[in-house]
Structure formats: structure tokens, C-alpha cells
Amino acid sequence: MRNIGIICEGPTDYIILKEIVDRITGENNYYVPLQPEPDLEGKYGNGWKGVWKWCADHAKDRERYMKDIEPALDALIIQILPCVGHEDSVNGYIGHLESLVGKWLDDLCDTCIAVPCDSMEAWIVAAYDEKENVEGVEDPWTNIIAKKKFYHNIKISGAKKRPKIFQEFVKVVCSNWSKVTGLCVSVKRFEDHIVALFNPPETQISVVEDD
């Protein structure tokens with residue numbers, strides 16, 4: 001079990017990320033939600049700007065900051081969504097933002113970056129609908145998941161993203177993991193980074209496969 005800090009754009013992203021990492025590693029890890037704060041009213045707010053501000057403020061003392069947290073962190077996961085100034089492709093999004101976060105933090109040692117395209121909801125749609133080119137869908141929450149009152153028998157309350165339904169969504173994402181990694185470049189890249197980060201080459205083991 002590892003102690004992992006998560007910096008992400010919103011609380012529902014945190015729910016998805018921690019369950020996925022447990023799925024990849026086959027362990028029940030301990031997670032510390034560093035950004036955003038649960039009530040979204042903290043120093044940095046939420047969203048893209050919140051992640052950027054957190055990284056900017058902690059770049060110089062990142063190593064000390066990780067050790068000073070109780071318990072001390074073994075790794076950081078940073079999730080951020082596409083912004084302007086990138087190539088118009090999934091790999092363009094990912095490459096641009098990985099480079100950008102690297103510049104913010106100076107050192108990406110013990111850090112894994114997740115870049116869902118267009119959002120984490122694309123991973124959910126991939127798990128449920130096995131939709132091709134799902135990462136190219138604009139705003140999958142509005143245009144697919146919340147388009148009707150129910151999404152695969154799960155009640156959707158308008159535009160509001162309720163943590164409870166994301167706890168249901170992530171079960172399907174994890175159970176259909178091989179399908180999601182096959183449909184989403186960003187998911188496969190995230191999985192590869194987690195495996196490399198937590199299992200260096202000399203100790204690397206196979207990722208847990210679906211039954």
C-alpha cells in the first residue's frame with residue numbers, strides 16, 4: 001500500500017482516479033486529496049486554474065511538502081484537462097500538458113500526470129458504451145451522460161455531477177478496464193505511467209487483468 005496525493009480539477013475526478021489506481025496496482029492504497037478541497041471553497045478553487053495555482057505554489061518546495069504531510073507521500077497524481085495552445089489531437093493534448101506540468105513543478109520524479117480528453121467522463125462513456133473515438137467527443141457529460149434523465153439505468157439529476165453516481169460509474173470503468181484502455185489513448189498512457197512509477201523495471205509485474 002502506498003500513500004498517494006491527488007491534485008485534480010474536481011471531487012468527482014478524485015473518485016474516479018483513486019479507484020482506477022487501485023485497479024491498476026491491485027492494492028488498496030491510501031489517498032490524500034490535495035486539490036481541490038472538498039468544499040471547493042479553498043485557496044485555489046477548482047478546475048484547470050486550481051491545478052495550475054497549486055503546482056505553481058508548491059513547485060519550489062515540492063519534495064519537502066510531500067515529506068511534511070502526515071503520512072508522507074510516496075507519489076503524486078496530477079489530473080488536468082486540455083487548454084489552448086496544444087495540438088488538436090489526443091496525443092497533442094497529453095504531450096502539451098505533460099510538458100506544461102513539468103515546467104510548473106521542475107521535477108516530475110514520483111509524479112504521474114493524467115490528461116483525460118475531453119474529460120474524465122470520456123472514460124466513463126468508453127466503459128459503458130464502447131464508443132469509438134470517445135476522446136474526441138466534446139463535453140461527454142452534457143452530450144451523452146446527462147442528455148437524458150437516465151444513463152444506463154442510473155438517474156442523472158440535470159447538469160449536477162453527484163459524487164454518489166460517480167461511485168457507481170467507476171465500478172463499471174474498473175470492471176471494463178481492458179475495453180477502456182483499448183478505446184482511450186489517455187487511459188492506456190495513464191496506466192503505463194502508473195505501472196512504471198510504482199513498479200520500476202527491476203521489480204515490474206503485470207497489470208491485473210480482467211477475469
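1. Start with helix α5 (residues 121-129): eight of its nine residues are buried, so the rest of the structure largely encloses this helix. Buried here means under 20% relative accessible area with a 1.4 Å probe, counting protein chains only. The buried residues are Glu121, Ala122, Trp123, Ile124, Val125, Ala126, Ala127 and Tyr128. Just after α5, Glu130 has a positive phi of about 50°.

2. A word on the source: this is a predicted model, where local features need pLDDT of at least 70, side-chain atom pairs count only at pLDDT 80 or more, and totals for chains, interfaces and linings use all residues. Residues are numbered from 1 along each chain as its sequence is written, and side-chain values use heavy atoms, leaving out hydrogens and water.

3. Now look at strand β4 (residues 111-114), which is covered on both faces: Thr111 and Ile113 are buried on one side, Cys112 and Ala114 on the other. Strand β3 (residues 75-79) pairs with β4 in the parallel sense over four bridges; pairing requires at least two DSSP bridges between the strands. Ile78 has Ile113 of β4 as its bridge partner.

4. Next, find helices α2 (residues 47-58) and α4 (residues 90-105), whose axes come within 9 Å and cross at roughly 35°. These axes are lines fitted to C-alpha atoms over the stretch in contact, with angles running from 0 to 180 degrees between N-to-C directions. Trp48, Trp52 and Cys55 of α2 meet Leu97, Leu100, Trp104 and Leu105 of α4, where contact means heavy atoms within 4.5 Å.

5. Of its 211 residues, 50% count as buried.

Technical notes:
Helix = DSSP H or I, 4+ residues; strand = E, 2+ residues; numbered from the N terminus.
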